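Please look through the structure below slowly, and then follow the paragraphs after it part by part.

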Amino acid sequence: MIPELGLFSLILALPVALCTGVLALWGAQRGRPAWIALAKSGSVALALLVGVAYLCLTWAFVQNDFSVLYVAQQSSSSLPLLYRVTGVWGGHEGSLLLWLLMLAGWTALARFYSRALPDVLRARVLGVLCLVAAGFLLFILFTSNPFLRLIPGAAEGRELNPMLQDPGLVIHPPLLYMGYVGFSVAYAFAVAALLSGQLDAAWARWSRPWTLAAWAFLTLGIAVGSWWAYYELGWGGWWFWDPVENASFMPWLAGTALIHSLAVTEKRGSFKNWTVLLAVSTFSLSLLGTFLVRSGVLTSVHAFANDPARGIFILAFLVAVIGASLLLFVWRAPRVGLGGRFALLSRESLLLVNNLLLAVATGTVLLGTLYPLIVDALGVGKISVGPPYFNAVFVPIMTPLLFLIGIGPFARWKTASFAEILRVHKWTLGIAVLAALTLPFCHGVWKPQVGLGVFLAAWIFLAALLHFFRQARATQGGGSLIASALKQPLHFWGMHLAHIGVAVFVAGVTVVGAYEAEKNVKMAPGDTVGIDGFRFRFLGVQSVEGPNYQALRGEMELLENDRLPRRLFPEKRFYRHSAMPMTEAAIDAGLWRDAYVALGDPLDRERPGGEWVVRVYVKPLVNWIWGGAFLMALGGLLALFDRRYRNRRRAVAQENIAARN
Amino acid sequence: MKARHQRLLLIAAALVALGLVAVLVFSALKENVAFFHSPADIEAGKAPKDRIFRVGGLVETGSLRRQEDGVSVSFIVTDSVARIPVHYKGILPNLFSEGKGVVAQGRLTDDGVFVAQEVLAKHDENYMPPEAAQALQKAHDSGIGNQKAKD
């Protein structure tokens, strides 16, 4: 009964979304107040209906209702409750429903936090969001119905993929989807602005907090996914340039460019066309990511579906969204007009370079991701593009971008002086070079790529501190410097925190890439292996019983010079339902290094108490990678809560109305 | 006038940079693309000797051997037409097992042994890497084709 209620609610949501979308947009174009007003109630109704559907599916999981096909595929009665609730998004149908829930949620947020917007603009934004939701509803109802009944019902479910039974999975997809889908609001604002022909500073200011929120969530989602891969897959890597990772990385790169170009549009009125195009591209890349992951054209841990109908539907949807918005862009963009002029060296020009580099980076990832698909489709052969391509391309593109982070904030709008920037920076530049020349020796050998990475990290960090300090001193007045620093606006804090996050990230990536140590060895109980100042002593393997798996748990003693020995327990699990083996790595995590151990295979399967192949790693600064990403996201969230996005809304709306009259 | 010159300069610089990036991207792509070859292809001498490529098929039952050091393994990948010996040093993925599909990336040595740098067995018990499935299918099709020709 409950699943039918969910399905009914989902079916009802479709006409609601369609009518709201069409009528709101039509009404806004024709100036019909009744239709315009419909956008508000329609979007709330949509959110409620989708919410009910989602809760119904969750209920079926919690109640172990194996007469629902999707539940029988994804869950089992021995699955712990937490994983039954999160198992809702463990498969294709449910993760699409989560996507839709996020979209409906963002739409409702956009309805409630846009009171200051002119009614017509709000109706357009909500209308566009409702139409996107209608597209996804069609997709779910016609190709991926999660409420499909299994008659007769199964006695027991097939259980969630063991790889997904992990706390990392609990938060990774929702965060990632919050980001992916959040860009739909920026997209809706861009389309609404194109429809109205009003692309002004106010539009950029309204778009910014939404874009920042989506970007921050996407950053967190990607970071959590990377962290999960690190400890769960047992390979000790944090990024594999897997097509599915790239699918989430492309909207991130484009979204990063969008945040920066929105700043220019808001402050100076320039780059309007480019900003709109970026907003459209960012959301299109989110959709492309969904297409790549959900259509089954890619094979990976994320690719659940192999149903061609689904792939074709998403592809058609993608083409409709991108095509319609590009047509609208071509039709409307020339009216938008150019913004303020700027000199060859100015904050605008530096941000332009930032945008170009990020766009190029997005393009190279796109090429590397799609190239195998294109080659395959042409029938030339099957190929794969591996990490060496991305590494070879990314370092030269990112190096100038990272360097410019240190300069951008010091450059004035309109026109900046090279001599002045150099004068301000003489110490920071010197210290950064010094750090690059000396710091790598902490780890023994100096390598050029480490020198470069340390230089960039130190440079970004020092530049952020310096800029913050100068700003605090400039606005100090009679009070103390610290009071002045604390009084700086949140967007300023956010920017520097995010940039420092980049520095931390770069330091982590550089050091772990150059100095990580790895050993694969055969160990009998009592054996010791030494690696990079650590000694791992293998104590043996015991059999352990889990809720829905049987595990062989190894015991390792980790010895470090003058510290007390610690115990690590790497596991090899065998999940009963799926008969799948899983590796659970054991990690002694730290700010300066991780000691990581994973069990390989027993040499003799009949004697698990005997010799094992064991993989040990020592990874310096690896946690800085996720720490840096966390700081970036925190910076984005701080900036989002800046006062000017709240208090000035009313004023801007007034200005706008005044400008129109 | 000056502003226009500056703008032109900016555009020119951007174009030059884009050109450089394009060169970089295409050379990196050319060097780092790994083609896929089936065991039958390799036996027919179609696989390159001097660069990395991928081979896929089934791990032949009973072919897995572990060296004394415990971490060096060898096994045979087959598409039922040809058999290619593979050497690998490292820990095999969880779902690697005899009789199942596998994809290995590496180089072919002069004595016909494939030295793998990476071994991939995918994420689900019943899952077959598409490359491996295709290799088997191709071998199967050509086998049937040969029989028909004989008839």
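Domain bounds, as used here, come from an automatic or database domain assignment. The model is a predicted one, in which local features need pLDDT of at least 70 and side-chain atom pairs count only at pLDDT 80 or more, while totals for chains, interfaces and linings use all residues. Residues are numbered from 1 along each chain as its sequence is written, and chains are lettered from A and ligands numbered from 1 in the order in which they are written.

Chain A is divided into domain 1 (1-160), domain 2 (417-488) and domain 3 (517-623). Between domain 1 of chain A and domain 3 of chain A, the C-alpha centres lie 43 Å apart. Their contact (C-beta atoms, placed from the backbone, within 7 Å) takes six residues from domain 1 of chain A and four residues from domain 3 of chain A.

Strands are DSSP runs (E, at least two residues), numbered from the N terminus, and two of them pair if DSSP finds at least two bridges between them.

Finally, consider the two chains together. Their contact takes 39 residues from chain A and 31 residues from chain B. Three bridges join β1(A) to strand β1 (residues 33-37) of chain B, and these strands run antiparallel; in β1(B), B:Val33 is the bridge partner of A:Val385.

Key. Two residues are in contact if their C-beta atoms, placed from the backbone, lie within 7 Å. Helices (H or I, at least four residues) and strands (E, at least two) are DSSP runs, numbered from the N terminus.
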